[in-house]
Amino acid sequence: MQGARLLEDSDPDTCVKLSLEAIDMLEEQQHDKLSGAKSPDMYRDAINLCIQCKKYDKAVDLLLRFGELCSNTNAASSLAKSYLGAVVVQLYIGTARDAWCTYQDCLGVDSFLTSDAAHAADKLFSAYRSGSVEEVKNCVKSDGSFVHSLDNSIARLAKRLPIGDLKKQADELAKASGQAVELTLDGNQDLDEDDLT
């Protein structure tokens, strides 16, 4: 990981490649107690490097892999932070539908399902579906899971949400979650008088 950090500014692609190789080697040697003790820091370093090098898809992959490791080692708090981090990164890059799918998959893990991080993600998706920039910003500000629980690099991304076309993302989330929502130009929801739900 130290070699990867040295290349962060001059060669970000090689930096990320080296950090991913280090994680791959770590996972192959997971039965070794010493590597297990170092693994959370190595994952966090690799995730932070991916975010700093703007390799967000790789960061999401590592966050999910780290979450799986945490699930196997009963590290419920780290698991919840990792899965919430994956959702935040996907929302940051404007892939709301992927973020929703990731969230739904992660809800299959009991320790995430009952966590504050899962509730924070649910609130964030509700704010996104509202189509209101202010609601998204207030959600991130008011819920400590985004600012105090996430690693700094991911918390910085969360503070910048929403990114991109919020209306499009709200529509994607509505379709993905089975709720048809139509937003007006001012961000208010148009109500269908025939819809009794």
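**Ground rules**

I number residues from 1 along each chain as its sequence is written, and my side-chain values use heavy atoms, with hydrogens and water left out. Since the model is predicted, local features need pLDDT of at least 70 and side-chain atom pairs count only at pLDDT 80 or more, while totals for chains, interfaces and linings use all residues.

**Cysteines**

I looked for disulfides (pairs of cysteine sulfur atoms within 2.5 Å) and found zero. My scale calls a residue buried under 20% relative accessible area, exposed over 50% and partly exposed in between (1.4 Å probe, protein chains only). Cys70 is buried at 3%, whereas Cys101 is partly exposed at 39%.

**Salt bridges**

Side chains of opposite charge can pair when their charged atoms come close. I count a salt bridge when a side-chain nitrogen of Lys or Arg is within 4 Å of a carboxyl oxygen of Asp or Glu. The structure holds five of them, and I wrote up some.

I began with Lys17 and Glu21, whose side chains meet at 4.0 Å, N to O. Both lie in helix H2 (residues 12–28), four residues apart, about one turn of the helix. For me a helix is a DSSP run (H or I, at least four residues), numbered from the N terminus. Lys17 is exposed at 52%, and Glu21 is partly exposed at 36%.

Then I turned to Asp41 and Arg44, where the closest N and O atoms are 3.8 Å apart. They sit three residues apart in helix H3 (residues 33–52), so about one helical turn separates them. Asp41 is partly exposed at 49%, and Arg44 is partly exposed at 25%.

My next pair was Asp143 with Lys123, at 3.4 Å between the closest N and O atoms. This pair links distant parts of the chain, 20 residues apart: Asp143 is in the loop between helix H9 (133–142) and helix H10 (144–149), and Lys123 is in helix H8 (residues 116–130). Asp143 is buried at 10%, but Lys123 is partly exposed at 46%.

**Surface charge**

Which residues gather in a patch of positive charge on the surface? I found Lys54, Arg156, Lys159 and Arg160 there. A patch like this takes residues with over 30% relative accessible area and no salt bridge, with like charges joined within 9 Å.

How values were computed:
Patches are made of residues with over 30% relative accessible area and no salt bridge: like charges are joined within 9 Å, nonpolar side chains (Val, Leu, Ile, Met, Phe, Trp, Tyr) within 5 Å. Accessible areas come from the Shrake-Rupley method with a 1.4 Å probe; for residues, only the protein chains shown count as cover. Lys and Arg count as positive and Asp and Glu as negative; His and the chain ends are not counted. The place of a charge is taken as NZ of Lys, CZ of Arg, CG of Asp or CD of Glu. Helices (H or I, at least four residues) and strands (E, at least two) are DSSP runs, numbered from the N terminus.
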